[in-house]
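Welcome! Take a look at the sequence and structure first, then read on.

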Amino acid sequence: GRLQPGDRLPSEQELSKQFEVGRQTIREALRILELSGFISVQQGYGGGSIVKESITAELNNLIIDAFRLSKISVEEFVSARLVIEKTILSDAMEKIDSQDIELLKKNVELAKSLLAQKKLPTAVNVEFHSLLAKASKNNIFIILEGAIQSLHFELLTRSSISLNRSKIAVRAHEEILDALINKRLDDAQKLMEEHIKRIKNAYNTLDYRNTATSKHDRD
């Protein structure tokens, strides 16, 4: 609550020293914050990470707080996510354009490149779902997907996800994209359902109130 809309975050180097983590970790964290609507990242002279005044950010906070207070269960979250993301796929299949496809392809290739370097492509995988929502050209879906990915990332912070599981996720993204490009809606939705159910199995369902103050590695 100390940062206000328009405030500029410290540089990557300063954040790296402050939190005693590597620059790559900071970049990934900033990417997640940007995808979730909390900040905007401006390039060039005078650029940097700027705190946004965003309804999306407020909604994301409400969803995460509801989960922390045990108002939302993992089962409820996964059930709702399945319905929303399958509907997003339906709209995206009708409205996706060449630019959307190119961005999704680059996302998958970047994730595969990180895996080849033995790095977990968490932020990139989160971005894939955000790009699908943007391809739907529906602002409601974009906002809802931001909230979904915020809680998804919250759950991942207390999960144990290996490189192998990340490879399976990236492969699922690749297959979903192929079905989307080739207008195979049933296949795309089935692949998405299988993908989300696999992710559910990776969530650590320990009581959040007993683990919230623990230190976790992010996968």
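In this predicted model, the second largest pocket has a lining of 21 residues, and Ile161, Arg165, Ala169, His195 and Ile199 are the ones nearest its centre. Helix 6 (122–135), helix 7 (139–156), helix 8 (163–181) and helix 9 (185–202) each give two or more residues to that lining.

**More on the pocket**
- The space in the second largest pocket comes to about 340 Å³.
- Its lining is made up of eight nonpolar, nine polar and four charged residues.

**Helix 4**
- Helix 4 covers residues 74–95, which is 22 residues.
- From first C-alpha to last, helix 4 reaches 31 Å, close to the 32 Å expected at 1.5 Å a residue.
- The buried residues of helix 4 include Val74, Phe77, Val78, Arg81 and Leu82, and Glu85, Ile88, Leu89 and Ala92 are also among them.
- As background, residues three or four places apart in an α-helix point the same way, because there are 3.6 residues a turn.

**Two loop residues with positive phi**
- Glu20 sits in the loop between helix 1 (12–19) and helix 2 (23–35); its phi is positive, about 55°, although it is not a glycine.
- Glu20 is exposed, with a relative accessible area of 73%.
- Lys118 lies in the loop between helix 5 (98–116) and helix 6, and has a positive phi of about 65° although it is not a glycine.
- Lys118 is exposed, with a relative accessible area of 60%.

**Confidence**
- The average pLDDT of the protein chain is 85, and 88% of the residues score at least 70.
- Residues 205–219 have a pLDDT below 50; in the model, this stretch has 26 contacts beyond near neighbours in sequence.

Technical notes:
Residues numbered from 1 in each chain as written. Predicted model: local features only at pLDDT ≥ 70, side-chain atom pairs only at ≥ 80, totals over all residues. Heavy atoms only, no water. Helix = DSSP H or I, 4+ residues; strand = E, 2+ residues; numbered from the N terminus. Expected span 1.5 Å × (residues − 1). Buried < 20%, exposed > 50% of the residue type's maximum accessible area, 1.4 Å probe, protein only. 1 Å grid on protein atoms, 1.4 Å probe; cavity = no way out; pocket = protein on both sides within 12 Å on 5 of 7 lines; lining within 4 Å. Points joined across faces, edges and corners; volume = space filled by probe spheres on them. Nonpolar A, V, L, I, M, F, W, Y, C, P; charged D, E, K, R; others polar. pLDDT = per-residue confidence, 0-100. Contact = heavy atoms within 4.5 Å.
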